[in-house]
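Please look at the sequence together with the structure shown below.

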Amino acid sequence: MLGIRKILMAGAVMSSALVLSACNLYKSGSNTATGDSTQNQTQQQSTSQVSDAVTITLDESGFSPATSNVNSDGSVTWTNSSEKNGGIASDPHPTHTSNQELTDGQFVLNLAPGASATVTVTKKGTWGFHDHLNPSAKGSVTVN
Ligand SMILES: [Cu+2]
């Protein structure tokens, strides 16, 4: 008789512990989800706003923004703000076969200092690009 009571009590303690931990799991789970979605919204506003036209500037420190989002059928305007010639090229260097829409179908889109050029992009995906004359300068544009 005593043995059965002990087992029953142990069962009661265990099930209340389970309820408590389930409660905590639920609470921390929902807190985490809220934090994540707030963070994602902030990131989207700062780095991945989708628009019909983006301008990507090349200067001595590389491309800015290094990543951007544009709608399919939108445009990318390349601006060379550096004091050197720029050679906009689709990845991968040196074959440039990924997406030459970025360079208006050309192997390299040459930009003199101060020059700019606008191209139309239609192929959806994330496309890497670089400066063919300085391949360590790179970035990507996502076409949505
Ligand atoms: Cu290249």
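Gly139 is found in strand S8, residues 134–143, where strands are DSSP runs (E, at least two residues) numbered from the N terminus. The model is a predicted one, in which local features need pLDDT of at least 70 and side-chain atom pairs count only at pLDDT 80 or more, while totals for chains, interfaces and linings use all residues. Residues are numbered from 1 along each chain as its sequence is written.

Gly139 is partly exposed because 19 other C-beta atoms lie within 10 Å; a residue is called buried at 20 or more such atoms, exposed at 12 or fewer, and partly exposed in between, with C-beta atoms placed from the backbone. Ser68, which lies in strand S3 (residues 67–80), is buried, since 20 other C-beta atoms are within 10 Å.

Two C-alpha separations involve these residues.

| Pair | Apart along the chain | C-alpha separation |
|---|---|---|
| Gly139 and Thr67 | 72 residues | 5.8 Å |
| Ser68 and Val50 | 18 residues | 7.6 Å |

Leaving out residues up to four places away in sequence, Gly139 touches Ile56, Phe63, Ala66, Thr67 and Phe129, and Ser68 touches Val54, Ile56 and Val141, contact meaning that the C-beta atoms, placed from the backbone, lie within 7 Å.

Beyond its neighbours within four places in sequence, Val76 is in contact with Val54, Ile56, Val70, Leu102, Val119, Val121 and Val141.

Definitions and conventions
Helix = DSSP H or I, 4+ residues; strand = E, 2+ residues; numbered from the N terminus. Contact = placed C-beta atoms within 7 Å.
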